[in-house]
Amino acid sequence: DFADAEQSVKWCEEVETRLKAAKEHALSQTASIDQLFKTIDDISAEARKVRLELDKLVKARKDELRQQIVTDALRKLDEHFAKLSQRIGLRIGVQSDFPGVIKGKRSLASMQDAVDTELARAKIAASELADSMEANIKTLRGEAHDWGFLFPDLAIVAGKPAEDFANLLAARIAAHKQAEEQRRQREAEAAAKAAQVVQQAAAAPVVTQEAPVVA
């Protein structure tokens, strides 16, 4: 037991020595660890600063590119409107929503694709409207008639469906003819009354007055 106890004492001494050495070693590393952590914090702060600055620049540039995509689409659509308007002699325009179609899109490629799709849709709608307006104008101004004077609002109503426009044209022609008939009747009545007055004046006896005799 004594021998075992002696070995145990030596073992405990060795453990104590090792623990003391480990403690001293850890304490000796404290300054280096603290410096390391400070360095890491400094680098992290600098990285965050750069990240925020770059993120701000990226967002600003992305906003510029997003606006440029919308502006280019609007310009192309306006050019299409101008060609159609020149062809039929009336202003052409249809609704478009380029800002709306890019809402929620994250990449510039997806934005461009959405805008291109909306541009194609608006161009097709404008071309169809121009064709419809051109057909209505031909109905309005045929070879033997020109009812254009009945449509001071032609730019507004020319885009109606063909059947609706034809009904509107018929209604306005009927109203115009009725107004013309009423005008002719009024003119005829006025002429008849004038002729009656003339006849009455011509049939009235002429009264003469003798001159007085001077002595």
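**The core and its surroundings**

Modeller: Happy to! The largest nonpolar core has 29 residues, and Leu90, Ile92, Phe98, Leu140, Phe151 and Leu154 touch the most other members. Keep in mind that this is a predicted model.

Colleague: Which elements give two or more residues to this core?

Modeller: Those are α1 (2-88), α3 (108-140), α4 (154-157) and α5 (162-203).

Colleague: And which one gives the most?

Modeller: That is α3, with nine residues.

Colleague: Back to Leu140: what is it in contact with, leaving aside neighbours within four places in sequence?

Modeller: Leu140 is in contact with His145, Asp146, Trp147, Gly148, Phe151, Leu154, Phe165 and Leu169.

Colleague: Nice. Zooming out, how many helices and strands are there in the protein?

Modeller: Five helices and zero strands, so the elements run α-α-α-α-α from the N terminus on.

Colleague: What share of the residues counts as buried?

Modeller: 16% of the 215 residues. The protein exposes about 16700 Å², with carbon and sulfur atoms supplying 57% of that.

Colleague: How about contacts between residues at least 6 apart in sequence: what percentage joins residues at least 24 apart?

Modeller: For those contacts, the figure is 61%.

Colleague: Changing topic, where does His80 lie?

Modeller: His80 lies in helix α1.

Colleague: Buried or exposed, and why?

Modeller: His80 counts as buried because its relative accessible area is 18%, and the cut-off for buried is under 20%. Leaving aside neighbours within four places in sequence, His80 is in contact with Lys123, Ala126 and Ser127.

Terms used
Residues numbered from 1 in each chain as written. Predicted model: local features only at pLDDT ≥ 70, side-chain atom pairs only at ≥ 80, totals over all residues. Heavy atoms only, no water. Core = buried A, V, L, I, M, F, W, Y, C linked by side-chain atoms within 4.5 Å. Buried < 20%, exposed > 50% of the residue type's maximum accessible area, 1.4 Å probe, protein only. Helix = DSSP H or I, 4+ residues; strand = E, 2+ residues; numbered from the N terminus. Contact = heavy atoms within 4.5 Å. Areas by Shrake-Rupley, 256 points an atom, 1.4 Å probe, with all protein chains shown as cover.
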